[in-house]
Amino acid sequence: FPVSETGLWSVIAYVPSLFGMSATAPHTITHAGGTAVLAVDESQAATTGWRDLGTFWFTQGTATLEVNALPGQSVLADRYGLLRSRLPSGPMLAIGFGTAGALGGLRSSMHGRAGLGGTVVVQGNRMPPGMPVVLGLALQGTSIPLFGGTLYVLPLATFGGFANAVGAFATTVTLPVTPSLLGATLWAQGLALDAAGQDGVSLSAAATTTVQ
């Protein structure tokens, strides 16, 4: 997609739900805050029409959305578009590098809206389904060598779970309407228990934003 200006954009998809289509069609969105993998329901049980896949921070230039299928799935790609959001949000940026793992290493994404009353989605992805993962959230960054990579956050909160059918696990943070939060930074990083990683761990890159 052509991105006319840097900022928040909503990604929309027209999904003509049909019998026999996948209920978990993987949609991969590359954005300034990392890479997100979404499971889109195209089955007959889903609602046909335009759907909002989420809000992402894109830099001016070109944004990429990739549609794939898991083995045995039937997936249909129809119409997609971007809608510019004018709501206040800090930029979301990927920081550093991740380490190796079973499918090339854990990736991370921070998307949504980093503004008062907004929600920020933190996701780890590119894992085999069922792999255990922990997402750490912090209000400051760091740089500590760990598991052959770098720990970029000192977590104040952690959220654990298992990768879903498209290899992703996410948590959502709702930012209260509290003026004292303006200017606060939010950091996030993922850690997966991955036998193919050093010491059985795969670290993602980090992502950060500032509340506006």
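**Notes on a predicted model**

1. Start with Gln123. Leaving aside residues up to four places away in sequence, Gln123 touches Thr35, Ala36, Val37, Leu38, Arg107, Ser108, Ser109, Leu135, Ala168, Phe169 and Ala170. Bear in mind that this is a predicted model. Gln123 belongs to strand E11, which covers residues 119-125.

2. Is Gln123 buried or exposed? Gln123 is buried, because its relative accessible area is 5%, and the cut-off for buried is under 20%. Its side chain also has a polar partner to look at. A polar atom of the Gln123 side chain lies 2.9 Å from the backbone nitrogen of Val37. Val37 is also among the residues that Gln123 touches.

3. Ser204 sits in strand E18, residues 201-210. Its relative accessibility is 0%, so Ser204 counts as buried. From its side chain, a polar atom lies 2.8 Å from the backbone nitrogen of Gly190.

4. Now the surroundings of Ser204. With residues up to four places away in sequence not counted, Ser204 touches Phe97, Gly98, Leu106, Arg107, Ser108, Gln189 and Gly190.

5. Turn to the charged pairs. How many salt bridges does the structure hold? The structure holds three. One of them joins the side chains of Arg84 and Glu5, at 3.3 Å from N to O. Arg84 is in strand E8 (residues 79-84) and Glu5 in the loop between strand E1 (2-3) and strand E2 (7-15), so this pair ties together parts that are 79 residues apart in sequence. Arg84 is partly exposed, with a relative accessible area of 27%. Glu5 counts as partly exposed as well, at 29% relative accessibility.

6. Glu5 has another partner. The side chains of Arg86 and Glu5 meet in a salt bridge of 2.9 Å, N to O. Arg86 lies in the loop between E8 and strand E9 (92-95), and Glu5 in the loop between E1 and E2, so the pair ties together parts that are 81 residues apart in sequence. Arg86 counts as exposed, because its relative accessibility is 63% and the cut-off for exposed is over 50%.

7. A further salt bridge pairs Asp78 with Arg79, whose closest N and O atoms are 3.4 Å apart. Asp78 counts as partly exposed at 37% relative accessibility. Arg79 also counts as partly exposed, at 41%.

8. Next, the cavity. The structure holds one cavity of 30 Å³ or more. The largest cavity has a volume of about 30 Å³. Its lining is made up of Gly101, Ala102, Leu103, Gly105, Leu106, Arg126, Met127, Pro128, Met131, Ala192, Asp194 and Ser202. By class, that lining has seven nonpolar, three polar and two charged residues.

9. Arg126 is not a glycine, yet it has a positive phi of about 60°. Its relative accessibility is 31%, so Arg126 counts as partly exposed.

10. Asp199 has a backbone angle to inspect too. Its phi is near 60°, a positive value in a residue other than glycine. Asp199 lies in the loop between strand E17 (185-193) and E18. With a relative accessible area of 61%, Asp199 is exposed.

11. Last, Ala45. Where is Ala45 found? Ala45 is in the loop between strand E4 (34-40) and strand E5 (49-58). At 74% relative accessibility, Ala45 counts as exposed. Ala45 and Phe19 are 26 residues apart along the chain, and their C-alpha atoms are separated by 8.2 Å.

Key:
Residues are numbered from 1 along each chain as its sequence is written. This is a predicted model: local features need pLDDT of at least 70, side-chain atom pairs count only at pLDDT 80 or more; totals for chains, interfaces and linings use all residues. Side-chain values use heavy atoms; hydrogens and water are left out. On a 1 Å grid over the protein atoms alone, a cavity is a set of points where a 1.4 Å probe fits but cannot get out, and a pocket is an open set with protein on both sides within 12 Å along at least five of seven lines; lining residues have an atom within 4 Å of a point. Grid points are joined across faces, edges and corners, and a volume is the space filled by probe spheres set on the points. Ala, Val, Leu, Ile, Met, Phe, Trp, Tyr, Cys and Pro count as nonpolar, Asp, Glu, Lys and Arg as charged, and the others, Gly among them, as polar. Helices (H or I, at least four residues) and strands (E, at least two) are DSSP runs, numbered from the N terminus. Buried means under 20% relative accessible area, exposed over 50%, partly exposed in between (1.4 Å probe, protein chains only). A polar contact is a pair of N or O atoms within 3.5 Å; within protein, one must be able to donate a hydrogen and the other to accept it, and residues adjacent in sequence count only if both atoms are side-chain atoms. Contact means heavy atoms within 4.5 Å. A salt bridge is a side-chain nitrogen of Lys or Arg within 4 Å of a carboxyl oxygen of Asp or Glu.
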